[in-house]
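Good morning, and thank you for joining this group meeting. Please look at the sequence and the structure as they come up, and keep both in view while I speak.

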Amino acid sequence: MPDDQLMLAYAGGDTGAFDVLYARHEGALFRFVRRLLGLRLAAEVDEVFQETWVRIITARDSFSPQGAAWRTWAFTIAHNLAMDRLRASGRQMVVHVHDEGLDAVQRVGGRLLNGQGQPVDAAHPSAEDEAFWRSAGRRLLACLNELPDDQRAAFLLHHEDGFTVEAMAAALDVGFETVRSRLRYGLKKLRGCMARYLTVLGEGA
């Protein structure tokens, strides 16, 4: 059943529909909140994540499938809560290193290559290949942590969660060109920050 229909069913009293929604989106929402808050506010990730679901629950009767799709609606709630927390904290840009594993960086090059630019057998990577991608993953997360909050949010919504520029503009109530600028400047900074890895991958800076 599509997300929108599950939400309507939940609003109508079907608690099982909520369980399906939660299982379907728990991981992506948690990852989004964690990466948007950054390591400085890592201790608050669980609280913001839980508050997101509380907001979803309390707003179940007001959800309309004629508005934003459920996923867009839910991620917008998470975005707004996380951004409020960042503004309240007076977030400072501090680079940290955190190991996320291979999944954190496989989108960077569009294909999985090793440190010598050779294709990697993703099912059976060598120790050297895993070391390269783990190092790249740590660097990517550090680079994301350096971005201004608005640019990091735009990058995560677009590249990790599949929001179109139009959907972001509508959900965040900002202009289309503003969203495009955030994406463009954020990606430019990430490419500069990841330059030595992208050079190996043949992507250029």
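This is a predicted model: local features need pLDDT of at least 70, side-chain atom pairs count only at pLDDT 80 or more; totals for chains, interfaces and linings use all residues.

H3 and H4 are oblique to each other, since oblique covers the angles left over once those under 35 degrees (roughly parallel), over 145 (roughly antiparallel) and 65 to 115 (roughly perpendicular) are set aside. Their packing angle is about 135°, and their axes lie 9 Å apart. Here the axes are lines fitted to C-alpha atoms, for helices over the stretch in contact, and angles run from 0 to 180 degrees between N-to-C directions. The helices themselves are DSSP runs (H or I, at least four residues; strands are E, at least two), numbered from the N terminus. H3 passes H4 in a right-handed crossing; a crossing is right-handed if the near helix is turned clockwise from the far one by less than a right angle, and left-handed if anticlockwise.

Which residues meet here, from H3 and from H4? On the H3 side they include Glu47, Val48, Trp53 and Arg55, and on the H4 side Trp70, Trp73, Leu81 and Arg85 are among them. Contact means heavy atoms within 4.5 Å.

Residues are numbered from 1 along each chain as its sequence is written, and side-chain values use heavy atoms, with hydrogens and water left out.

Let us turn to H1 and H2. Their axes come within 7 Å and cross at roughly 140°, and H1 passes H2 in a left-handed crossing. Asp3, Leu6 and Tyr10 are among the H1 residues in this packing, and they face a group in H2 that includes Phe18, Leu21 and Arg24.

Charged pairs come next. A salt bridge is a side-chain nitrogen of Lys or Arg within 4 Å of a carboxyl oxygen of Asp or Glu. By this rule the model has nine salt bridges.

One of them joins aspartate 3 to arginine 24, with the closest N and O atoms 2.6 Å apart. Because aspartate 3 belongs to helix H1 (residues 3-11) and arginine 24 to helix H2 (residues 15-37), the pair ties together parts 21 residues apart in sequence. Is aspartate 3 buried or exposed? Aspartate 3 counts as buried, at 15% relative accessibility, whereas arginine 24 is partly exposed at 40%. Buried means under 20% relative accessible area, exposed over 50%, and partly exposed in between (1.4 Å probe, protein chains only).

A second pair consists of arginine 85 and glutamate 44, whose closest N and O atoms are 2.7 Å apart. Arginine 85 sits in helix H4 (residues 70-89) and glutamate 44 in the loop between H2 and helix H3 (45-58), so this pair links distant parts of the chain, 41 residues apart. Arginine 85 counts as buried at 17%, and glutamate 44 as partly exposed at 23%.

Finally, the overall picture. The protein has ten helices and zero strands. Of its 205 residues, 43% count as buried.
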